[in-house]
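Subject: Structure handover

Hi,

Here is the structure for your files. Please load it before reading on.

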Amino acid sequence: MSVKRTSLAGLPSCEIVMAADLREKYRARQIFDWITSGASSFDEMTNLPLQLREDLKAGFSVYSSSVKESDSDDDNTVKILIELNDGRLIESVLLTDERNRRTACISSQAGCAMGCTFCRTGMMGLLRNLSSAEIVEQYLHLRRLYGDISNVVYMGMGEPLANTDEVIKSLNFFTDPAGLNISARRITLSTCGMTKGIRVLAAEAPPVRLAVSLVSADPDIRTRLMPVTKTNSLDDLKAALTDYQRSGGKRITLECAVIKDINDSVHDAALIAQWSEGLSVIVNVIPWNPASEIDFEEPEQNRVDAFCRELEKRKIPITRRYRRGRGLNAACGQLATDNVSASLIDPTQEQP
Ligand code: SF4
């Protein structure tokens, strides 16, 4: 039977001191620097005394998780499958854009309880929340394997604001000047619209960018697609976003997965424009990525074009997401590990 050891990746150096009970505090910073520059074993940490390396090997591991598989396509998209220390599997994605800017798309939960009907992860149900260290380790694994990464998006598996404490801890780790020192402007957190979590984020987290999966501004359609709407109404969501921007929050990205014959009409676009009045937003139009288990169809190009034109006519700035990673099931809404089964908890209940 394998022994689960305390892992040190994802811990700030002040916590490494305590976890490893180090008498020489500066050793913690050395360990931190080795881990964040790509070391995956204590043997690589050659400026540590040999005895300390042996002690660390006996009592600790560098990572709590391991990369089981990686897959890439010619879109410059890489997907990695990570095994957590309890055997659960999660996925993370590395995207490289035309300017060679690299973005890590990381998961905040194994599975997801929110039950959005267009999303493969939603079909898994919630397995468990990830710890802050498990969230950060995804970034460290991708950087160790593929080199520097400038941006981070919380858009992988799970709803970040259903795991607020650990997510905020991980945001602090990413942005801490004594930690990874990534600018908050380069980090985006995406939520399905959990209003309580948005308020907590505004009050307690570094000023990262916020994206909201809006999908539809029609209450009936949105409730059908995103059951979270039953407990976090469109009105409440608008109020939370208004307060978020009043307290200094920057422009919000509204993500709209557009699905054939469900929310792809000019009327749907007009409702989104109306709902957005008074907010500073950019709408990210994402033609829905097909998944064999889900009975929706991708929209026709001319419908998406008309949808975008309607938003632009109403002076709503838009971006159209390039359909990357589809061959890997790594595109938006497609992340899911196939060897899991979990009971879907009621997604209409507010998470604690
Ligand atoms: S879209 Fe996001 S919140 Fe909804 S089920 Fe998928 S992972 Fe969860």
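Below are notes on one helix, its neighbours and the ligand site.

This is a predicted model: local features need pLDDT of at least 70, side-chain atom pairs count only at pLDDT 80 or more, and totals for chains, interfaces and linings use all residues. Residues are numbered from 1 along each chain as its sequence is written.

Helix α7 spans residues 195–204. Helices (H or I, at least four residues) and strands (E, at least two) are DSSP runs, numbered from the N terminus. The buried residues of α7 are Thr-195, Gly-197, Ile-198 and Leu-201. They cover an arc of only 160 degrees around the axis, so they sit on the same side of α7. The arc is taken over directions from the helix axis to the C-beta atoms. On the other side, Ala-203 and Glu-204 are exposed. Buried means 20 or more other C-beta atoms within 10 Å of a residue's own; exposed means 12 or fewer; C-beta atoms are placed from the backbone.

The buried residues of α7 pack against α6 (164–175), β10 (187–191) and α9. Contact means C-beta atoms within 7 Å.

α9 covers residues 234–246. α7 and α9 pack at about 5 degrees, axes 9 Å apart. They are therefore roughly parallel (angles under 35 degrees). Axes are lines fitted to C-alpha atoms over the stretch in contact, and angles run from 0 to 180 degrees between N-to-C directions.

The ligand is surrounded by 13 residues (C-beta within 6 Å). The closest are Cys-112, Met-114, Cys-116, Cys-119 and Gly-122.

Best wishes

Definitions and conventions
Angles under 35 degrees count as roughly parallel, over 145 as roughly antiparallel, 65 to 115 as roughly perpendicular and the rest as oblique. Two residues are in contact if their C-beta atoms, placed from the backbone, lie within 7 Å.
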